[in-house]
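Please read them with the coordinates open.

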Amino acid sequence: MNSVNQILHTISYMALPLLFAIILHEYAHGWMADKCGDDTAKRAGRLTINPLAHIDPFGTILMPLLCLILPGSFLLGWAKPVPIEPRNMARPRRDMALVAAAGPGMNLLLAISSAILLATIFTIDPSLSIRDAAGSSAFDSGSLSAMVLLPVAVMAFYSVLINVFLCLFNLIPIPPLDGGRILVSLLPPQPAMALARLEPYGMLILIGLLVFDKELRVIHTISSTMATGLSGTILSTALGFGGGGTQ
């Protein structure tokens, strides 16, 4: 399979799980803010799962495509941040920690749900194999499992990997990532203010981590060690209960 076909083949399985992952991540922020007394996201029309309300042209479309095209890259993307006003909340410091944690929490929930869906599919048809999706022979068979269950199984598998990575990546303790905002909410006032001052430079720090990852190994550790371990645990637990396997 040539590189263009391989990219299109990968996109066909990963686009939908990634879109759901980043949109529901932002929806979770807005939902939790609304529960904490801030209805800014709702009034802005962002408390919806309609993709059009959340799509960021660069973060939702171009960045994931670049990740797929560049060799050795990992899949990364984001949606437009939902607007949040801490002053509308009863307890801003505590509530902002809950709002920040809701995004990665949603990704973890999606990963677990996807693993359960995958286990259910393997229970329905134990003969399915994720590896079959690498070629066209399985789809050419014309069976219901090959045409319907196998694509859903592959998307569920990728959904686990994508959501686990996004969950862990967003927990890096650098503002404006969720981990940084959680830490700002939990630290005493002086250290919290010092960390909050990093937010305007947060994206530059993250770009530096991405560019120099071969030397620093921060993103590599998250994607190859932590994410792989957590994904494997979630998948093996779900498939163990379901009696199936990724084959």
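The points below run from the overall fold to single residues.

1. **Ground rules.** This is a predicted model, in which local features need pLDDT of at least 70 and side-chain atom pairs count only at pLDDT 80 or more, while totals for chains, interfaces and linings use all residues. Residues are numbered from 1 along each chain as its sequence is written, and side-chain values use heavy atoms, with hydrogens and water left out.

2. **Fold.** The chain has eleven helices and zero strands. Helices (H or I, at least four residues) and strands (E, at least two) are DSSP runs, numbered from the N terminus. In sequence order the pattern reads α-α-α-α-α-α-α-α-α-α-α.

3. Take the contacts in the chain with a separation of 6 or more: 69% of them join residues 24 or more positions apart. Contact here means heavy atoms within 4.5 Å. Of the 247 residues, 42% count as buried. Buried means under 20% relative accessible area, exposed over 50%, and partly exposed in between (1.4 Å probe, protein chains only).

4. **Surface.** The chain exposes about 12900 Å², and carbon and sulfur atoms supply 69% of that area. Accessible areas come from the Shrake-Rupley method with a 1.4 Å probe; for residues, only the protein chains shown count as cover.

5. **Main core.** Which residues have the most contacts inside the largest nonpolar core? They are Leu118, Leu166 and Phe169, in a core of 42 residues. Helices H1 (3-35), H3 (57-69), H4 (92-124), H6 (144-170), H9 (199-211) and H11 (218-242) each supply at least two residues of this core. H6 gives the largest share, 13 residues. A nonpolar core is a set of buried Ala, Val, Leu, Ile, Met, Phe, Trp, Tyr and Cys residues joined through side-chain atoms within 4.5 Å.

6. **Leu166.** Set aside residues up to four places away in sequence. Leu166 then touches Leu18, Ala21, Ile22, Leu76, Gly77 and Asn107.

7. Another core, of eleven residues, lies apart from the largest one. Its members include Ala28, Cys36, Met89 and Met96.

8. **Asn107.** Leaving aside neighbours within four places in sequence, Asn107 is in contact with Ala21, His25, Asn163, Leu166 and Cys167.

9. **Nonpolar patch.** Leu198, Tyr201, Leu204, Ile205, Ile207, Val211, Phe212, Leu216 and Val218 make a nonpolar surface patch of about 840 Å². H9 gives the most, with five residues. Leu216 sits in helix H10 (residues 213-216) and is partly exposed, at 49% relative accessible area. Patches are made of residues with over 30% relative accessible area and no salt bridge: like charges are joined within 9 Å, nonpolar side chains (Val, Leu, Ile, Met, Phe, Trp, Tyr) within 5 Å.

10. **Salt bridges.** How many salt bridges are there? The count comes to five. The rule asks for a side-chain nitrogen of Lys or Arg within 4 Å of a carboxyl oxygen of Asp or Glu. One of them pairs Asp39 with Arg43, the closest N and O atoms being 3.1 Å apart. Asp39 is partly exposed, at 30%, and Arg43 is exposed, at 59% relative accessible area.

11. **Asp95 and Arg94.** These side chains meet in a salt bridge, at 2.6 Å from N to O. Asp95 counts as buried, at 1% relative accessibility. Arg94 is partly exposed, at 42%.

12. **Glu199 and Arg181.** In this salt bridge the closest N and O atoms are 2.5 Å apart. Glu199 lies in helix H9 and Arg181 in helix H7 (residues 178-186), so the pair ties together parts that are 18 residues apart in sequence. Glu199 is partly exposed, at 29% relative accessible area. Arg181 is also partly exposed, at 31%.

13. **Thr123.** Thr123 lies in helix H4 and is partly exposed, with a relative accessible area of 47%. The Thr123 side chain reaches the backbone oxygen of Ala119 at 2.8 Å. This falls under polar contacts: pairs of N or O atoms within 3.5 Å, where within protein one must be able to donate a hydrogen and the other to accept it, and residues adjacent in sequence count only if both atoms are side-chain atoms. Thr123 and Phe241 are 118 residues apart in sequence, and their C-alpha atoms are 10.0 Å apart in space.
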